[in-house]
Amino acid sequence: MAATTHQDSLIYPFPEPPAPGAVTEVAPGILWARIPLPFRLDHVNIFLIEDGDGWAVLDTGIANDPTRAIWQALADGPLAGRRLSRLIVSHYHPDHIGLAGWLCETFDLPLLTSHSAYLGCLNISLSPGALEAKPYHDFYRRHGMPEEMAQLVSTQGHNYLRMVTPLPPTFRRLVAGDRLTLGGRDFEVLSGNGHAPEQLMFYWRDGNVLLAADQVLAKITPNISVWAVEPEGDPLGLYLRSLKALEADIPADALVLPGHQLPFRGLHTRCRELAEHHDERCAIIADACREQARSVAGLLPFVFPRKLDPHQTSFAFSEVHAHVNRMLWQGELVRDEASEDVHRYRLA
């Protein structure tokens, strides 16, 4: 995820996050907690929604001992005296679903999520080494990544995906257009794409609150990536379409409760800023490919000039690839036929 924000364009009703193991009430019956992550993006937000005599949980954190300890501190501290009633997961990335299996088993919770999130996480859990297979390694090489870096990215770069506990054997599917009632509040179930397939969001219209997961963040852009399993996909096109749908469906002054960083107001402004950010990245790629045909790996220094570790390189490469594929779909780039072993692209 990359930084991008226009200063003072958003309103932050809660300028300080809760400490680990503590909660902040951000709307009637909705609590905000924060769990640390061992990455550059060093936290994930979770939300607890009053649900009768208990609390429904939205998202989990990754599967590690510090995260388990924070959940136990929450259960023994600010949530003591009321049970956890059910677990809702927005999407399959490990910082959001990683501890789902443990939470469901420890607190006897049913799991509610999308079909894509359940099967995506299940696939990773069952085949944690799949992305190290030769076809995926060759994908990185085909798009210009040097052998040593391709080896690092296809092994170390995907360690994050393994930070999950085995899922429960059953789940309840949530689909866009559903209504989910929690504590007398009716939440409209929304779905967005681009960052993750079928990422779930929840809008409480009476309270004007949007639980946005990672679809819209205040000061960074959600990672939009092409992965080796779907090499010709257009996640950026799907993401931009999802932003337009949010602008059309949700009021501009909704309180946005995101998966990372601070809650904010200014949804329509932020959606437009995010779309502009991706336009700027496409312009950078166009300028680079105007000079000469370049591979996805060859474009990486133009879009991400800073030094990257294998984890960051994996995401940055995949994000550049998403912009290249969008420009191919739009007819702005074409593959250079003179490049055989490595795919290179030039302006159309």
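Where is G331 found? G331 sits in the loop between α10 and β16 (333-335), where helices (H or I, at least four residues) and strands (E, at least two) are DSSP runs, numbered from the N terminus. The model is predicted, so local features need pLDDT of at least 70 and side-chain atom pairs count only at pLDDT 80 or more, while totals for chains, interfaces and linings use all residues. Residues are numbered from 1 along each chain as its sequence is written, and side-chain values use heavy atoms, with hydrogens and water left out. G331 counts as partly exposed because its relative accessibility is 43%; buried means under 20% relative accessible area, exposed over 50%, and partly exposed in between (1.4 Å probe, protein chains only). In sequence G331 and A348 are 17 residues apart, and in space they are 6.7 Å apart, C-alpha to C-alpha.

The protein contains 10 helices and 17 strands. Its radius of gyration of 20 Å agrees with the value near 20 Å that a compact globule of 348 residues would have; this radius is taken over C-alpha atoms, and the globule rule is 2.2 Å times the number of residues to the power 0.38. Taken along the principal axes, the C-alpha atoms fill a box of roughly 65 × 40 × 35 Å. Of the 348 residues, 55% are buried. Among contacts (heavy atoms within 4.5 Å) with a separation of 6 or more, 67% come from residues 24 or more positions apart. The accessible surface comes to about 14,600 Å², and carbon and sulfur atoms hold 52% of that surface; accessible areas come from the Shrake-Rupley method with a 1.4 Å probe, and for residues only the protein chains shown count as cover.

The interior can be described through its nonpolar cores, each a set of buried Ala, Val, Leu, Ile, Met, Phe, Trp, Tyr and Cys residues joined through side-chain atoms within 4.5 Å. The largest nonpolar core has 47 residues, of which L210, I285 and V320 touch the most other members. At least two residues of this core come from each of α5 (134-142), α6 (147-155), β11 (199-204), β12 (209-213), α7 (235-249), α8 (267-291), α9 (296-303) and α10 (310-329). Helix α8 gives the largest share, 8 residues. Leaving aside residues up to four places away in sequence, L210 touches L190, M201, F202, Y203, L246, I250, L255, V256, L257 and L267. Another core of 35 residues lies apart from this one, and its members include L48, I97, Y118 and L161.

Helix α3 (residues 100-107) has A100, G101, W102, L103 and C104 buried. These buried residues pack against α1 (65-76), β6 (83-88), α2 (94-97) and β7 (111-113). T106, also in helix α3, counts as partly exposed because its relative accessibility is 38%. T106 and Q72 are 34 residues apart in sequence and 9.9 Å apart in space, C-alpha to C-alpha. After α3 comes D108, with a positive phi near 55°.

E198 occupies the loop between β10 (185-192) and β11. With a relative accessibility of 16%, E198 counts as buried. Its side chain is joined to that of S116 by a polar contact of 2.6 Å; such a contact is a pair of N or O atoms within 3.5 Å, where within protein one must be able to donate a hydrogen and the other to accept it, and residues adjacent in sequence count only if both atoms are side-chain atoms. Not counting residues up to four places away in sequence, E198 touches S90, S114, H115, S116, R173, L174, S191, G192 and N193.

Side chains of opposite charge can pair when their charged atoms come close. A salt bridge is a side-chain nitrogen of Lys or Arg within 4 Å of a carboxyl oxygen of Asp or Glu, and by this rule the count comes to 16. D51 and R86 form one of them, with the closest N and O atoms 2.8 Å apart. The pair links distant parts of the chain, with D51 in strand β4 (residues 43-51) and R86 in strand β6, 35 residues apart. Both D51 and R86 are buried. R294 forms a salt bridge with E291, again with the closest N and O atoms 2.8 Å apart; R294 is buried, at a relative accessible area of 12%, whereas E291 is exposed, at 60%. A network of salt bridges links E50, R82 and R185.
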